[in-house]
Amino acid sequence: MATMLELAMLGFLREQPLHGYDLRRRVAALMGHVRPVADGTLYPAIKRMVTAGWLIRKNEPGTAAAPRLMLYLTAEGRDELEQRLREPDELDISDENRWFVLLAFLRHLNEPKEQAAVLRRRLAFLEEPTSFFYEGDRPMGAEEFDDPFRQGLLIIAHATSQAELAWL
């Protein structure tokens, strides 16, 4: 979760400086379906990222009330984001939720060949036969189950993969 959270935070702050509340709202919209983004998760991550030199905090005048603490991405934060986008680990490629977070910010790699390299890795992963269920080493398909719930799971997963393959 921390890697996904940090990637999402770096990505959103690459687009514009944000107040912590606005950042949390955006991160939750992108990945909150995976796991809710609580203050107890977000604010320690902000502190770690400030300590690492990836973010800075600045007080700015509020529109209607007290000053707001705004978060800005530093040059080091931009470099970190680009590195994570350029060289995602295997789980970032294979885990759908992590992939979606990566994909949301892939445009921040300015080199089309670097973007294409990441997309090729995802394509190679999707082209491998896989399932949630196996008989020995053989992936099992929906048609092999009488259980309508397992059938549904496999049909939905297959349709999602096919849609992504068509896009790639």
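Predicted model: local features only at pLDDT ≥ 70, side-chain atom pairs only at ≥ 80, totals over all residues.

**Terms and values**

Modeller: Let us begin with the sheet, which is open and made of 3 strands in the order S1-S3-S2, with antiparallel pairing. Residues are numbered from 1 along each chain as its sequence is written, and side-chain values use heavy atoms, with hydrogens and water left out.

Colleague: How do you know that S2 and strand S3 pair?

Modeller: Two strands pair if DSSP finds at least two bridges between them, and S2 and strand S3 (residues 68-73) are joined in the antiparallel sense over 6 bridges. S1 and S3, which also run antiparallel, are joined by 2 bridges, and His 19 stands opposite Met 70 in S3. Strands here are DSSP runs of E with at least two residues, and helices are runs of H or I with at least four, numbered from the N terminus.

Colleague: What makes Lys 58 lie over the face of Tyr 72?

Modeller: A charge sits over a ring if NZ of Lys or CZ of Arg is within 6 Å of the ring centre and within 35 degrees of the ring normal; Lys 58 is counted as lying over the face of Tyr 72, at 4.8 Å from the ring centre.

Colleague: Why is the pair of Phe 12 and Phe 105 called edge-to-face?

Modeller: The structure holds 2 aromatic pairs, and in this one the ring centres are 4.9 Å apart with the planes at 85°. Rings of Phe, Tyr and Trp (its six-membered ring) pair if their centres lie within 6.5 Å, and planes under 30 degrees apart count as stacked, over 60 as edge-to-face and the rest as tilted, so the pair of Phe 12 and Phe 105 is edge-to-face. Phe 12 lies in helix H1 (residues 2-15) and Phe 105 in helix H6 (residues 96-105), so the pair ties together parts that are 93 residues apart in sequence.

Colleague: Are those two rings, Phe 12 and Phe 105, on residues that are buried or exposed?

Modeller: Buried means under 20% relative accessible area, exposed over 50%, and partly exposed in between (1.4 Å probe, protein chains only). Phe 12, at 12%, is therefore buried, and so is Phe 105, at 1%.

Colleague: Why is His 158 called exposed?

Modeller: His 158, which is found in helix H8, has a relative accessible area of 51%, and is therefore exposed. His 158 and Ser 131 are 27 residues apart in sequence, with 8.9 Å between their C-alpha atoms.

Colleague: What makes Glu 87 exposed?

Modeller: Glu 87, in the loop between helix H4 (75-86) and helix H5 (90-94), has a relative accessible area of 52%, and so is exposed.
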